[in-house]
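Reader: I've got a model to go through with you. Could you walk me through its helices and how they pack?

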Amino acid sequence: FQMSVSGYSDTLQELLATVLETVTGGTSGGVPVPSLTAARLSVLVDTYRRGLNNSDSASPATELPDYYTKQLTRTPTYTRKELRAAAVQPLTVAQLQSFARDTVYPVSRVECLAFGNLSPEEAMAMSQAVARGLGYRAAKAPAEPEELGAVVLPENSTAFTIPAPNSGEANSGLLGTFQLAPVIPARELTGKKAATLHLLQSVLQQPCYNRLRTEEQLG
């Protein structure tokens, strides 16, 4: 899961400490776990279920960059049908805390990104606070894309056509993905190469946007 804090740099560490206290406010078997009431859990579960049920009516432009991209390029991944079937099962606070204690926390690793008006020492202190608060181990650099849960796509061009789940949706969407991992293994992706890739993405984006949006007005 992801956790982020933002705000004034002089109070950011205090904000992070408050968030960590909320996330690890309870204990289960001596391990920090989320603390919440049964009523609050019921609200969160209901919100999650409604989000799954309403997702089929979302536009392709909204769904392509997130849901369908993950379905094609990440592993493991689960369809909304599978998630809906699991979401209708009863869940207690104790079960959630046990899941966090026994399944999530023991194998999770921390990756932190800090930017803005922070010194290297302040950024390091914040990352160490997260690791201590959640009881996580330090992250190791993965050797290959598979270790990040990435799927290596077939060579050459591959097209996947997926019908929109909402039969009343008149719009379509197209997403092109260029995967460079087989060309540049993760262990060889230096900071300079990563920055160059981001620059290349920006260079390619502008003419595509101008052609599709400005000239042809396709969306």
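Reader: Where is the kink in helix α3 centred?

Author: This is a predicted model, where local features need pLDDT of at least 70, side-chain atom pairs count only at pLDDT 80 or more, and totals for chains, interfaces and linings use all residues. Residues are numbered from 1 along each chain as its sequence is written, and side-chain values use heavy atoms, with hydrogens and water left out. Helix α3 covers residues 60–73 and bends by about 35°, the bend being the angle between axes fitted to the seven residues ending at a residue and the seven starting there. The kink is centred on D66.

Reader: Which helix do the buried residues of α3 pack against?

Author: Buried means under 20% relative accessible area, exposed over 50%, and partly exposed in between, with a 1.4 Å probe and protein chains only. In α3 the buried residues are P60, E63, L64, Y67, Y68, T69 and T73. Their packing partner is α4 (80–87).

Reader: How do α1 and α6 run, roughly parallel or roughly perpendicular?

Author: Helix α1 (residues 12–23) and helix α6 (residues 120–134) have axes 10 Å apart, at an angle of about 10°. Angles under 35 degrees count as roughly parallel, over 145 as roughly antiparallel, 65 to 115 as roughly perpendicular and the rest as oblique. So α1 and α6 are roughly parallel.

Reader: Which residues of α6 make the contact with α1?

Author: Contact here means heavy atoms within 4.5 Å. On the α1 side, L12, Q13, L16, L20 and V23 take part. From α6 come E122, A125, M126, A129, V130 and L134.

Reader: And is L96 buried or partly exposed?

Author: L96 sits in helix α5 (residues 93–104). It touches L36, L41 and L91, leaving aside residues up to four places away in sequence. With a relative accessible area of 26%, L96 is partly exposed.

Reader: How far apart in space are L96 and P34?

Author: Along the sequence, L96 and P34 are separated by 62 residues. C-alpha to C-alpha, their distance is 8.5 Å.

Reader: Zooming out, what pattern does the protein chain follow along the sequence?

Author: The protein chain has seven helices and four strands. Helices (H or I, at least four residues) and strands (E, at least two) are DSSP runs, numbered from the N terminus. In sequence order the pattern is α-β-β-α-α-α-α-β-α-β-α.

Reader: What percentage of the 219 residues count as buried?

Author: Among contacts between residues at least 6 apart in sequence, 70% join residues at least 24 apart. As for burial across the protein chain, the share is 17%.

How values were computed:
Axes are lines fitted to C-alpha atoms, for helices over the stretch in contact, and angles run from 0 to 180 degrees between N-to-C directions.
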